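Let us walk through this model together, with the viewer open beside the text.

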Amino acid sequence: MTTDSAPGLDLRALAGESHRVDDEIRAARTAFVEAHAEEIYAELTDGRTRYLRLDELVRAAALAFPGLVPSEQQMAAERSRPQAEKEGREIDQGIFLRGILRAPKAGPHLLDAMLRPSARAQRLLPEFLETGVVEMEAVRLERRNGVAHLTLCRDDCLNAEDAQQVDDMETAVDLTLLDPSVRMGLVRGGVMSHPRYLGRRVFCAGINLKKLSAGEIPLVDFLLRRETGYIQKIFRGLLTDDSWHSRFTDKPWMAAVDSFAIGGGTQLLLVFDHVLAASDAYLSLPAAKEGIIPGVSNFRLSRIAGPRVARQVILGGRKLQAGEPDARSIVDEVVAPEELDAAIDGALARFDGEAVVANRRMLNLAEEPPEEFRRYIAEFALQQALRIYGADVIGKVDGFAVGSR
């Protein structure tokens, strides 16, 4: 293949050479991080005396080790482009974070950093303690009778997830766990203004594919922050180090599913202590259809629903109706839609007790040891970075985005 303006220029060969060079550089970068992860992390965190969140760590690494991860200028240029036109620099962040998370000292310390209260939640805590209400763009948080009600309120897009939603959810989860007068948390979707579900409650439509196509679903601030931040805080608790009893402040969590829990919505259900659903609701994980990895579902769903069901749902795209037997490993109670409010009240009463907190902590420790989660999320950091730049993914999400307009 040649061009008139540059006779003899073989564009395919040039592209192949570029990929070969990229592969060689990334192989060298991988080897370097794997060999020196502990030293790199110790330097960035002053010998693990400082807790840096994922975004803070990659920025610090870019300054301290030029070329190891993309610079802030390079990432700013990436953020300005749609996904199809990016250079794939987040893959280099994935290489770096996989190496750090794999390291036996650095990895646990980094995950601990993600379990500490966010700065935004600490700023909002006095307001929440006084008023019991915090209104955010994607989540409304309200304390009622010792229960924190987290209402997903992106009514125009069926509670589709993006970076703002992750930030709001982490803030709401932190406030729930920091408020001593809150005994448990409840997550439910609000009433929609979207024409297809006008006036109905919806739990979650999963990742916002329009935002992914536009290049607005980042690896660090969405895909990894979501899994290691608020979802882990629901499951494991908030790292507060304020008691010799436990390093964590944790509380029981419930979810109530109206209409559907798609993708990230179903992923979220896997960490709750009790899940209720309306009888007309369904669950699904269509990530394979989209070409991406459904978060930590590949790690959790086999344990919860069994390996065959997990493969049918994740690889085959099977939908689970809330009332069918295979769904009952995820959903604890199924009631008629008009009975869901009463069922929620009954479940909240049953799960109110100090023994529930202690027992959920031990169950979660037995079911998902922190070291096993760390090994999974380390590999996820790279594999998901590779997936979001796959040609098949870009083609699919561009098509979905066009279809949703």
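**From a buried glycine to a pocket**

Gly88 is buried, with a relative accessible area of 3%; buried means under 20%, exposed over 50% and partly exposed in between, using a 1.4 Å probe on protein chains only. This is a predicted model, in which local features need pLDDT of at least 70 and side-chain atom pairs count only at pLDDT 80 or more, while totals for chains, interfaces and linings use all residues. Residues are numbered from 1 along each chain as its sequence is written, and side-chain values use heavy atoms, with hydrogens and water left out.

You will find Gly88 in the loop between helix 3 (72–79) and helix 4 (90–102); helices (H or I, at least four residues) and strands (E, at least two) are DSSP runs numbered from the N terminus. Beyond its neighbours within four places in sequence, Gly88 is in contact (heavy atoms within 4.5 Å) with Arg26, Glu78 and Tyr389. Gly390 is 302 residues from Gly88 in sequence, yet their C-alpha atoms are 9.6 Å apart.

Seven strands make up an open sheet of mixed pairing, in the order 1-2-3-4-7-9-12; two strands pair if DSSP finds at least two bridges between them. Strand 1 (133–135) and strand 12 (333–335) each have a single partner strand, so one side of each is left without a neighbour in the sheet. Strand 9 (residues 274–278) runs parallel to strand 12, joined to it by three bridges, and Leu276 stands opposite Glu333 in strand 12.

Next, Leu129, which belongs to helix 6 (residues 119–131). Leu129 is partly exposed, at a relative accessible area of 41%. Not counting residues up to four places away in sequence, Leu129 touches Arg143, Asp179 and Pro180.

On a 1 Å grid over the protein atoms alone, a pocket is an open set of points where a 1.4 Å probe fits, with protein on both sides within 12 Å along at least five of seven lines; lining residues have an atom within 4 Å of a point. Of the 44 lining residues, Ala205, Ile207, Leu209, Ile262 and Glu290 lie nearest the centre of the pocket. Helix 9 gives the most to this lining, with four residues.
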